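Open the model in your viewer and keep the selection tool at hand. The stops below go from one selection to the next.

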Amino acid sequence: MTDLVVIGAGPAGLAAAACAAEGGLDVLLLDENPAPGGQVWRGLARASRAQLSTLGIDNAGARAAVARLEGTSARYRPGATVWQLAPGEGGIELGYTAEGRAHLVEIPQVIVATGAQERPFPIPGWTLPGVLTAGGAQTLMKGAGLVAEGAILAGSGPLLYLLAVQMIAAGAPPKALLDTGTTAARRRAVRHLPAALRSPAPLLKGLAWRRAIRRAGVAHIEAVSHLAIEGDARAEAIRWRTEASEEGRLEAQHFFLHQGVIPATNLTMAAGLRHAWNDAQLCWQPVTDRWGRTSTPTIRVAGDGGGIEGWEAAEARGEIAALDALHTAGRLGASDRDRAAEAPMRLRTAATRLRPFLDALYRPAPQFLVPEAPETVVCRCEEITAGELAPLVTMGLLGPNQLKSFSRAGMGACQGRYCGLTVQAMIAARTGRSLAETGYYRLRPPVKPVRRWSVAARRSRQASLRPSSPWASSALTS
């Protein structure tokens with residue numbers, strides 16, 4: 001019988017699955033991707049030294065995490081899409097699809113390690129061909145070794161600078177980096193600098209990135225207050241204006257946008273778990289205790305899906321959640337659990353000292369949360385613009401769910417992942433209520449599209465979870 005299912009094979013999920021299996025639990029690791037690593041370590045565990053050298057990427061952490069898991073009895077199932085998580089009387093009901101067949105099973109404990117997603121960045125032209133998120137560009141780089149030459153990067157957040165440096169290392173430096181960080185945000189961040197300096201390595205790395213960008217001759221424009229991408233059949237140019245009212249325009253074929261990352265919460269929200277608004281990070285996140293326990297204690301959240309802290313803290317949180325799962329299963333006494341958790345808890349504390357500084361420094365500007373141009377697409381799935389949504393808000397619709405009923409925004413395949421926060425911000429701005437008071441979409445399973453024929457073919461027995469070999473995906477039974 002499967003004792004624990006871990007959802008997601010990024011840093012948190014790999015650590016959680018390995019730790020729980022080492023403690024004697026029968027563990028199944030479900031991963032939507034074809035190989036372990038998640039977004040942070042996508043494709044890195046198996047990449048050659050030559051590939052990594054070209055991209056300027058270090059994969060030591062990825063290799064160590066995957067090697068640790070491979071040394072356990074944990075079973076890894078790639079290509080598995082989880083579309084339902086529901087607390088039940090006999091356990092947790094979990095629905096997933098793998099190899100064309102849907103499964104609905106009951107599990108005693110679950111650790112959700114679904115990580116983060118990029119924040120929506122609704123500006124004019126962001127849906128044109130040739131425009132990607134910075135994370136999407138990095139995925140192409142890590143997964144396929146593809147790097148766009150002469151691209152323009154725009155937005156805010158550490159990932160934007162990391163991507164620029166990786167592109168430089170790959171021999172395809174970006175044409176420009178347009179930073180939307182505000183002067184006010186930089187002033188707010190200063191008060192968090194003393195705490196950040198207690199763990200100076202990330203700060204020094206960030207300064208090194210800026211020096212590399214300057215040496216490479218990349219145009220670096222800061223305090224950008226307005227952005228718009230131009231083009232008809234595809235993106236052709238980007239226009240901007242700075243806080244000092246300086247304007248500019250650059251032509252390019254590729255544009256990579258980024259406005260920070262937020263927890264991926266669709267699964268936990270649809271499960272009915274309690275969530276709270278994090279005003280420092282401007283996002284919703286599951287309410288958890290220090291062990292990762294949610295409002296349903298046998299469902300734990302580990303990693304950035306429970307609040308953005310970075311991959312090092314995510315690894316520690318995965319370990320901590322697994323230790324508590326071992327305790328719940330009767331495999332580890334409370335004192336032994338607490339003692340084993342001391343080291344990962346210290347690592348998490350050290351890894352998050354910089355977080356308040358980063359949250360303040362890269363806080364998105366209001367004009368990039370609420371689209372100013374009426375032609376800006378808000379809901380990509382249903383192709384609904386800001387101009388179409390604004391009148392509905394002013395007529396008295398007070399929440400995202402009402403707006404969804406009147407406009408279909410949030411009803412597409414992404415289930416609000418790329419419009420939910422924008423719709424929430426638009427309503428809050430026009431009603432004068434806080435973002436927390438405005439609320440979010442009410443989500444229900446399935447949180448990912450499921451084919452009807454795969455549901456019809458599903459088997460719900462626990463035996464369907466057990467592959468004949470822990471790491472031979474070709475031998476997985478269904």
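How much space lies in the second largest pocket? About 270 Å³. A pocket is an open set of points on a 1 Å grid over the protein atoms alone, where a 1.4 Å probe fits, with protein on both sides within 12 Å along at least five of seven lines; lining residues have an atom within 4 Å of a point. The volume is the space filled by probe spheres set on the points, which are joined across faces, edges and corners.

This is a predicted model, in which local features need pLDDT of at least 70 and side-chain atom pairs count only at pLDDT 80 or more, while totals for chains, interfaces and linings use all residues. Residues are numbered from 1 along each chain as its sequence is written, and side-chain values use heavy atoms, with hydrogens and water left out.

Next, colour strand E13 (224-230), which gives the most to the lining, with 4 residues. Helices (H or I, at least four residues) and strands (E, at least two) are DSSP runs, numbered from the N terminus.

**Helix H3**

Select residues 60-70, helix H3, and pick out its buried residues, Ala-62, Ala-65, Val-66 and Leu-69. They lie on the same side of H3 because they cover an arc of only 95° around the axis, taken from the directions from the helix axis to the C-beta atoms. Buried means under 20% relative accessible area, exposed over 50%, and partly exposed in between (1.4 Å probe, protein chains only). Now show helix H1 (11-22), strand E2 (27-30) and helix H10 (311-328), which are among what covers these buried residues.

**The largest nonpolar core**

Select Leu-85, Leu-94, Val-110 and Leu-389, which touch the most other members of this 49-residue core. A nonpolar core is a set of buried Ala, Val, Leu, Ile, Met, Phe, Trp, Tyr and Cys residues joined through side-chain atoms within 4.5 Å. Helix H16 (residues 420-431) supplies its largest share, 5 residues.

**Backbone stops**

Go to Pro-445 and Pro-446, which are joined by a cis peptide bond with omega about 0°. Pro-446 is in the loop between helix H17 (435-438) and helix H18 (452-456).

Last, select Arg-408, in the loop between helix H15 (400-407) and H16. Its phi is near 75°, a positive value in a residue other than glycine. Is Arg-408 buried, exposed or partly exposed? Arg-408 counts as partly exposed because its relative accessibility is 42%.

Methods: Contact means heavy atoms within 4.5 Å.
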